[in-house]
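Have a look at the model first.

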Amino acid sequence: SVPGQGATFWFELPLIEEHSLPSRSPPGSAAPLVLVVEDEPGIVHLLEVMLSHAGYRVDSVFSESQALRRLAEGDYAAITLDMRLSDGHGLALIRELRRNPATQHLPILVISAYCGEGRKLLDRDDDNIAWLEKPINEALLLETLDQFITTSSKATIEHTAGHEALE
């Protein structure tokens with residue numbers, strides 16, 4: 001730019017068109033509740049829009065400590081999680097959730113620019129964790145979340161049925 005002349009900036013933003021987003025739960029239904037754990041307000045808003053337009057109920061927090069409080073209070077079908085949070089690391093939250101019997105099988109969708117680092121540091125395989133790189137691919141996010149929630153629901157039903165058969 002030329003001093004005193006100002007500057008021109010150009011950028012593109014993705015357009016989310018209402019008519020192109022499927023509604024996955026009819027009005028008044030008990031749609032699955034997803035907890036978004038992310039410290040960047042813009043990304044929180046984007047995830048809230050994507051998930052709510054796809055028919056999910058969404059609850060959002062900005063830190064590890066807030067996430068632990070909400071998870072203790074609510075019944076979530078899954079969480080999305082950034083690796084770098086304002087008060088901790090996403091891996092610490094994953095480890096805490098896996099130690100707790102109430103959340104040890106909770107589906108976690110890690111959405112981060114640091115997925116490779118996270119996978120290496122976690123040092124364990126977990127079928128209930130998906131690693132999705134930023135920028136967010138909406139179709140992949142929704143497909144993965146649908147698969148996780150469906151699989152988790154079936155496992156809960158099978159576990160409950162197996163427990164009742166033992167009684």
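## Around Leu81

Setting aside neighbours within four places in sequence, Leu81 is in contact (heavy atoms within 4.5 Å) with Val37, Gly90, Leu93, Ile94, Ile108, Leu109, Val110 and Ile111. This is a predicted model, where local features need pLDDT of at least 70 and side-chain atom pairs count only at pLDDT 80 or more, while totals for chains, interfaces and linings use all residues. Residues are numbered from 1 along each chain as its sequence is written, and side-chain values use heavy atoms, with hydrogens and water left out.

## Salt bridges

There are four salt bridges here, each being a side-chain nitrogen of Lys or Arg within 4 Å of a carboxyl oxygen of Asp or Glu. Glu38, Asp82 and Lys134 join up in a network of them. Lys134 pairs with Glu38, with the closest N and O atoms 3.1 Å apart. Lys134 sits in the loop between β7 and α5 (138–166) and Glu38 in the loop between β1 and α1 (41–53), so this pair ties together parts that are 96 residues apart in sequence. Helices (H or I, at least four residues) and strands (E, at least two) are DSSP runs, numbered from the N terminus.

Asp82 also bridges to Lys134, and there the closest N and O atoms are 3.6 Å apart.

Glu38 is buried, at 2% relative accessibility, and so is Asp82, at 6%. Lys134 is partly exposed, at 23%. The cut-offs are under 20% relative accessible area for buried, over 50% for exposed and partly exposed in between (1.4 Å probe, protein chains only).
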